[in-house]
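Walk me through this structure, please.

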Amino acid sequence: MRNEVQFKLKDASYVLGVSPKDLQNLVQFGVLDPPRQDRFFVFDSATLLKAKVALYLKESLGTSVPLLARFTTEIFKDMPRSKISKARNISILSRPLRGEKPVRIEVPVQALAAELAARIPAVESPSKSAKASEHNQWKEEIMRTFSQAADDLAGTTEQDILDEIKRYRAERKKSPEITVVALPEEKTA
């Protein structure tokens with residue numbers, strides 16, 4: 001997995017294949033702690049892998065948020081950020097308070113990292129390219145409209161435009177025409 005990637009929350013949710021609200025909930029409830037740049041959370045490859053593992057555990061176990069946060073913290077506690085792309089599969093042993101035998105949870109971190117690496121776009125996220133495309137379409141449309149307006153106004157002087165504005169405003173200031181219509185008289189017995 002590439003280390004130089006950085007995504008905002010919406011783009012990171014696209015890469016993870018979850019809704020932005022689900023990813024935001026993981027951040028809000030303390031399961032993930034991504035760094036901030038300006039006002040935005042930034043998800044690098046290490047944070048994306050933590051999110052992928054947390055979502056995997058949440059979906060598999062249906063655990064509560066505090067337990068999910070503890071599991072995620074323990075999994076990545078001793079793993080250096082530089083080695084995140086070479087992560088191994090991990091087993092979590094959880095011993096109940098009154099139980100003798102621990103519960104073993106196998107987390108396929110390697111498979112999750114490989115799946116995540118395959119989903120990270122090579123150049124840019126789809127939402128950025130879609131925004132750029134929309135911007136270019138809007139720009140072309142407004143330029144076409146201005147060009148048509150310039151053609152329509154060819155030969156028109158500034159005084160003609162001012163006179164037309166005055167005429168329009170005077171027309172709008174006129175009082176509405178009021179007509180009184182007599183109602184038929186009611187017949188009384």
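Which residues in helix 3 meet which residues in helix 5? From helix 3 come Ser45, Leu48, Leu49, Lys52, Val53 and Tyr56, and from helix 5 come Val109, Leu112, Ala113, Glu115 and Leu116. Contact here means heavy atoms within 4.5 Å. By class, this contact has eight nonpolar, one polar and two charged residues. Nonpolar covers Ala, Val, Leu, Ile, Met, Phe, Trp, Tyr, Cys and Pro; charged covers Asp, Glu, Lys and Arg; the others, Gly among them, are polar.

A word on the basis of all this. The model is predicted, so local features need pLDDT of at least 70 and side-chain atom pairs count only at pLDDT 80 or more, while totals for chains, interfaces and linings use all residues. Residues are numbered from 1 along each chain as its sequence is written, and side-chain values use heavy atoms, with hydrogens and water left out.

Now the overall plan. The protein chain has seven helices and four strands. From the N terminus, the order is α-α-β-β-α-α-β-β-α-α-α. Helices (H or I, at least four residues) and strands (E, at least two) are DSSP runs, numbered from the N terminus. Of the 189 residues in the protein chain, 26% are buried. Buried means under 20% relative accessible area, exposed means over 50%, and partly exposed lies in between (1.4 Å probe, protein chains only). Take the contacts between residues at least 6 apart in sequence: 56% of them join residues at least 24 apart.

Return to the helix pair. Helix 3 and helix 5 (residues 109-119) pack at an angle of about 120°, and their axes are 10 Å apart. Axes are lines fitted to C-alpha atoms, for helices over the stretch in contact, and angles run from 0 to 180 degrees between N-to-C directions. Helix 3 and helix 5 are therefore oblique to each other. Angles under 35 degrees count as roughly parallel, over 145 as roughly antiparallel, 65 to 115 as roughly perpendicular, and the rest as oblique. The crossing of helix 3 and helix 5 is right-handed.

Helix 3 has another partner. Helix 1 (residues 9-16) packs with helix 3 (residues 45-61) at about 55°, with axes 11 Å apart. That makes helix 1 oblique to helix 3. Their crossing is right-handed. Ala12, Val15 and Leu16 in helix 1 meet Leu48, Ala51, Lys52 and Leu55 in helix 3. The classes are six nonpolar, no polar and one charged.

Helix 1 is largely enclosed by the rest of the structure, because six of its eight residues are buried. They are Leu9, Asp11, Ala12, Ser13, Val15 and Leu16. Glycine 17 follows helix 1, with a positive phi near 80°.

Is lysine 52 buried or exposed? Lysine 52 has 11% relative accessibility, so it counts as buried. Apart from neighbours within four places in sequence, lysine 52 is in contact with Leu16, Leu112 and Glu115. Lysine 50 is also in helix 3. At 25% relative accessibility, lysine 50 counts as partly exposed. Its C-alpha atom is 8.7 Å from that of isoleucine 75, 25 residues apart along the chain.

Aspartate 38 sits between strand 1 (36-37) and strand 2 (40-41). Its phi is positive, near 60°, in a residue other than glycine. At 78% relative accessibility, aspartate 38 counts as exposed.

Key. Left-handed = near helix turned anticlockwise from the far one by under 90°.
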